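Here are some notes for a first look at this structure. Please read them alongside the model.

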Amino acid sequence: MKNLNTPYFMINEQALIDNLEKAKQLKEISGAKLVLALKCFSTWGTFDTIKPYLDGTTSSGPYEVRLGHEKFGGETHAYSVGYSNADIEAVKPLSDKIIFNSLSQLEAHYENCKDSASLGLRINPEMSVAGQDLANPARAYSRLGVKQDLLSLDVLNNVDGFMFHMNCENKDVDAFIRVLDHISTTFTEYLDQLTWLSLGGGIFFTYPNYPIEKLGLALKAFAEKHSVQVYLEPGEAIITRTADLVVSVIDIVENDKQTAIVDSATEAHRLDTLIYNEPATIREATKGATYNYVIGSCSCLAGDQFCEAQFEQPLKIGQKLHIEDSAGYTMVKLNWFNGLKMPSIYFQRVDGDIEVLNEFGYEDFKATLGK
Ligand SMILES: Cc1ncc(COP(=O)(O)O)c(C=O)c1O
């Protein structure tokens, strides 16, 4: 492999295909359709690999709708927490389904959209498997979706489908099935009249040893019971463990602990490490080995670090480190904070070829701030 300049993301096509094969298996068992959640991963240079396996895309804002329509095809689902009239004009001609977040949004846009797309409504099931409160759609006072006590059967005159999203990296199939049962019993009269139902994302069915068959059969039974076409909206499950963020050690400083400063920052290139305080994993590290380092970011934020890790040998200036599992919610959140060099995006094909999906420079930084 030629000596690429860091920082860069390296997406591995074979790892992507391995996840997609599991998605295919789940589809075959369950009869569910799967649409890629572009909020998690929108790196469209990889879409030709993904397209044969999935049914389309879903979105969280108008530009994702357009990207899904232009670059992925299949079914385009449009969802947003809030659509302005201008947003609706933009997404209407591109969307197969438009899902509203509230009854007031449905009312505001119903007449305008009813003949263009199949309409849906997001429901808050008031139950979730979501780890941190920040990412819990059923948290107190949640603005995401309509609670049951605000619904009446009249809504079925205006929508064909519901969308529930209440999981975040849920690896526990039994916990998912409990939520599914809750939805099935709480919303029975609605479900029996809907033509489609999306159960959102956050189901970690590509996690090692995840019981795909059990999930698939539960979804199939649910779909048959309510005569409804089920959709899932996976993001992370499709791209988990498919990309490294590759960085170089720029400096090593000491203040009670040794910190290796690398040419990247969580705040700019791997934001969720910071937001959710979830340490990254370094491929070159060995847990418990002799040489301990904080892997520190090159940003000005005092607490900005990737993780603390141990190595068999002392780290050296110029050495590359691979920050694993860096595909989801990273490239879509890249920003220019501190004027740092933005990571290039490369795609390692199954045959070993490395395709350049994008490289960035000073002109790109400048262009985001004026012209
Ligand atoms: C409505 C909706 N669908 C799908 C997803 C994708 O979730 P994940 O990437 O965890 O599978 C999310 C994530 O926040 C979401 O809010």
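This is a predicted model: local features need pLDDT of at least 70, side-chain atom pairs count only at pLDDT 80 or more; totals for chains, interfaces and linings use all residues.

1. A pocket is an open set of points on a 1 Å grid over the protein atoms alone, where a 1.4 Å probe fits, with protein on both sides within 12 Å along at least five of seven lines. Residues are numbered from 1 along each chain, and side-chain values use heavy atoms, without hydrogens or water.

2. The lining has 13 residues, and Thr43, Trp44, Ile345, Asn358 and Phe360 are the closest to the pocket centre. Lining residues have an atom within 4 Å of a point. Strand β17 (residues 354–358) gives the most, with three residues. Strands are DSSP runs of E, at least two residues; helices are runs of H or I, at least four; both are numbered from the N terminus.

3. Where does the second largest pocket lie? Domain 1 (13–239) and domain 2 (242–367) both line this pocket, so it lies between them. The bounds come from an automatic or database domain assignment. The domain centres, over C-alpha atoms, are 31 Å apart.

4. Helix α1 (residues 13–30) packs against helix α8 (residues 212–226) at about 35 degrees, with axes 8 Å apart. Axes are lines fitted to C-alpha atoms over the stretch in contact, and angles run from 0 to 180 degrees between N-to-C directions.
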